[in-house]
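Colleague: Hi! Could you walk me through the model you have open?
Modeller: Happy to, here it is.
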Amino acid sequence: MNKTERGIMSSLLVVVAVTYVLVSRAECHTSTTPTPLNSCKAFSTCDSCIQNPKCLWCMTNDTCTDYPVSYILPPPAVCKLSQARWGVCWVNFEALIIAMAVLGGTIIISIAVCCCCCCCCKKRQSGPDRDEERFVRRREEIRQRADERKVERKVRHDDIRKKYGLVPDSDHPYSKFENE
C-alpha cells in the first residue's frame, strides 16, 4: 500500500468516525405520547437538547430552539455558528464546517494525486520500452556497420595476399613455389 492509498484510507476512516459520532448521538425515539410543537424550549441543558434531532442548542444564551429546517445552517439571527450545537455538544457548526471542508479537500486532492500517479505510471511503463527499443536498434546498427567494416578489411587483406602470392591456391605468377 503506497502513501496515497494510506492517505485515502485514513481520510475515509476519519469521515466514518465523525459520521458515527454525529449519528450515534441522534437516536431514533418512538414514544406513544405526541410531542408538543414547542418541545425544544422545555430543555435546559445541551445534552438533553441535542437528544432531539429537531432541536438546536445555542451557547450564547443557553437556550434550546427548533432547528431552522428551511436553512442548511442556522442563520446568525437564530445563533452564531461558533456557538451553535447540534448532534454533540463538543462540536460547533463552525468547527464542523472547517473540518469537513479540510477533509473533503484532502479527499479530492488525494483522488487527484492518485489519478495523476496512475497516468504517470502508465507513461513511465511505456517510456522505457520505447527507449529500450531505440537502444537495441542502435546497438544492432552499430554491430551491422562493424560487420561490414570487418568484411571490407578481409577483402582488402585477401587482395593484398593474392597480390604478393601469400594465398596457396592462387594462380598469380609471383605465388610461392611449393617444395617437392
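This is a predicted model: local features need pLDDT of at least 70, side-chain atom pairs count only at pLDDT 80 or more; totals for chains, interfaces and linings use all residues.

Colleague: Good to know. How many helices and strands are there in the protein chain?
Modeller: The protein chain has 3 helices and 4 strands. Reading from the N terminus, the order of the elements is α-α-β-β-β-β-α.

Colleague: What share of the residues is buried?
Modeller: Of the 180 residues in the protein chain, 19% are buried.

Colleague: Let's talk cysteines. How many disulfides turn up in the whole structure?
Modeller: A search of the whole structure gives 4 disulfides. If you number the bonded cysteines in sequence order, they pair as 1-4, 2-8, 3-6 and 5-7.

Colleague: Remind me, what is a disulfide?
Modeller: A disulfide is a covalent bond between the sulfur atoms of two cysteines.

Colleague: OK, pick one. What does Cys-40 pair with?
Modeller: Cys-40 forms a disulfide with Cys-55, and the two sulfur atoms are 1.9 Å apart. The link is left-handed, with -85° about the S-S bond. Cys-40 sits in the loop between α1 (3–25) and α2, while Cys-55 is in strand β1, so this pair ties together parts that are 15 residues apart in sequence.

Colleague: Are those two buried or exposed?
Modeller: Cys-40 counts as buried because its relative accessibility is 2%. Cys-55 counts as buried too, at 0%.

Colleague: What about Cys-46, where is its partner?
Modeller: The partner of Cys-46 is Cys-89, with 2.0 Å between their sulfur atoms. This pair links distant parts of the chain: Cys-46 is in helix α2 and Cys-89 in strand β4, 43 residues apart. The torsion about their S-S bond is about -120°, so the disulfide is left-handed.

Colleague: Which handedness does the Cys-49 and Cys-64 disulfide have?
Modeller: That disulfide is right-handed, because the torsion about the S-S bond of Cys-49 and Cys-64 is about 75°. Cys-49 belongs to helix α2 and Cys-64 to strand β2 (residues 63–66), so the pair ties together parts 15 residues apart in sequence. Their sulfur atoms are 2.0 Å apart, and both Cys-49 and Cys-64 are buried.

Colleague: Switching topic: which residues make up the largest nonpolar core?
Modeller: There are 7 residues in it: Cys-40, Cys-46, Cys-49, Ile-50, Cys-55, Trp-57 and Cys-64. Both α2 (46–49) and β1 (55–58) supply at least two residues of this core. Another core lies apart from it and has 6 residues, including Cys-58, Tyr-67, Cys-79 and Phe-93.

Colleague: I noticed Asn-92. Where does it lie, and is it buried or exposed?
Modeller: Asn-92 lies in strand β4, which covers residues 88–92. Asn-92 is buried because its relative accessible area is 16%, and the cut-off for buried is under 20%.

Colleague: What is Asn-92 in contact with?
Modeller: Leaving out neighbours within four places in sequence, Asn-92 is in contact with Leu-81, Ser-82, Ala-84 and Arg-85. Besides that, a polar atom of the Asn-92 side chain lies 3.2 Å from the backbone nitrogen of Glu-94.

Colleague: Last one: what does UniProt say about residues 95–121?
Modeller: The unreviewed UniProt entry annotates residues 95–121 as "transmembrane region". In the model, that stretch is 100% helix and 0% strand, with its end C-alpha atoms 38 Å apart.

Colleague: And how exposed are Cys-116 and Cys-117?
Modeller: Cys-116 is partly exposed, with a relative accessible area of 48%. Cys-117 is partly exposed as well, at 36%.

Colleague: Thanks, that helps a lot!

Methods:
Residues are numbered from 1 along each chain as its sequence is written. Side-chain values use heavy atoms; hydrogens and water are left out. A nonpolar core is a set of buried Ala, Val, Leu, Ile, Met, Phe, Trp, Tyr and Cys residues joined through side-chain atoms within 4.5 Å. Buried means under 20% relative accessible area, exposed over 50%, partly exposed in between (1.4 Å probe, protein chains only). A polar contact is a pair of N or O atoms within 3.5 Å; within protein, one must be able to donate a hydrogen and the other to accept it, and residues adjacent in sequence count only if both atoms are side-chain atoms. Contact means heavy atoms within 4.5 Å. A disulfide is a pair of cysteine sulfur atoms within 2.5 Å. UniProt positions are given in the numbering used here, feature names are shortened, and annotations may be inferred rather than shown by experiment.
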